[in-house]
Amino acid sequence: MIIPITCFNCGYAISQHWEDYIKKIQEEKKDEFTALAELRIIRYCCRRMLLTHVESINIAIAKRQLSETPMISKMLLTFL
Ligand SMILES: [Zn+2]
């Protein structure tokens, strides 16, 4: 499935970050929070676009099964 070109809410061009995002979480073994921060994707509406993409979810599930790092907890703390 293709990543949407722009964020549905704010219109930010999000698809340009997809390849770098996948590279960071798969090859460089960074967590999603760090990868998004390094790509300077700050708005939560834009983060949602990458985090909830079908491929991202499958990768996150696979990583979650291998690791016990509370990735979701770290992400939630950024919004508080
Ligand atoms: Zn957005």
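A residue is classed as buried if 20 or more other C-beta atoms lie within 10 Å of its own, as exposed if 12 or fewer do, and as partly exposed in between, with C-beta atoms placed from the backbone. Under this definition Lys 29 counts as exposed because 10 C-beta neighbours fall inside 10 Å. The model is predicted: local features need pLDDT of at least 70, side-chain atom pairs count only at pLDDT 80 or more, and totals for chains, interfaces and linings use all residues. Numbering starts from 1 along each chain as its sequence is written.

The protein contains five helices and zero strands, where helices (H or I, at least four residues) and strands (E, at least two) are DSSP runs numbered from the N terminus. The order along the sequence is α-α-α-α-α. Of the 80 residues, 16% count as buried. Two residues are taken to be in contact if their C-beta atoms, placed from the backbone, lie within 7 Å. Among contacts between residues at least 6 apart in sequence, 54% join residues at least 24 apart.

A nonpolar core is defined as a set of buried Ala, Val, Leu, Ile, Met, Phe, Trp, Tyr and Cys residues joined through C-beta atoms within 7 Å. The largest such core has 10 residues, namely Ile 14, Tyr 21, Ile 25, Ala 35, Leu 36, Ile 41, Cys 46, Met 49, Leu 50 and Leu 51. Two or more core residues are given by each of α1 (18-26), α2 (32-38) and α3 (44-51). The largest share, four residues, comes from α3. Leu 50, one of the core residues, touches Ile 14, His 17, Trp 18, Tyr 21, Leu 36, Ile 41 and Ser 56, when residues up to four places away in sequence are not counted.

Cys 7 is located in the segment before α1. Cys 7 counts as partly exposed, because 19 C-beta neighbours lie inside 10 Å. With residues up to four places away in sequence left out, Cys 7 touches Tyr 12, Ile 14, Cys 45, Cys 46 and Met 49. The C-alpha atoms of Cys 7 and Cys 45 are 7.1 Å apart in space, while the two residues are 38 residues apart in sequence.

Positive phi values occur at two residues that are not glycine: about 55° at Lys 29 and near 60° at Arg 40. Lys 29 is found in the loop between α1 and α2, and Arg 40 in the loop between α2 and α3. Arg 40 is exposed, because 7 other C-beta atoms lie within 10 Å.
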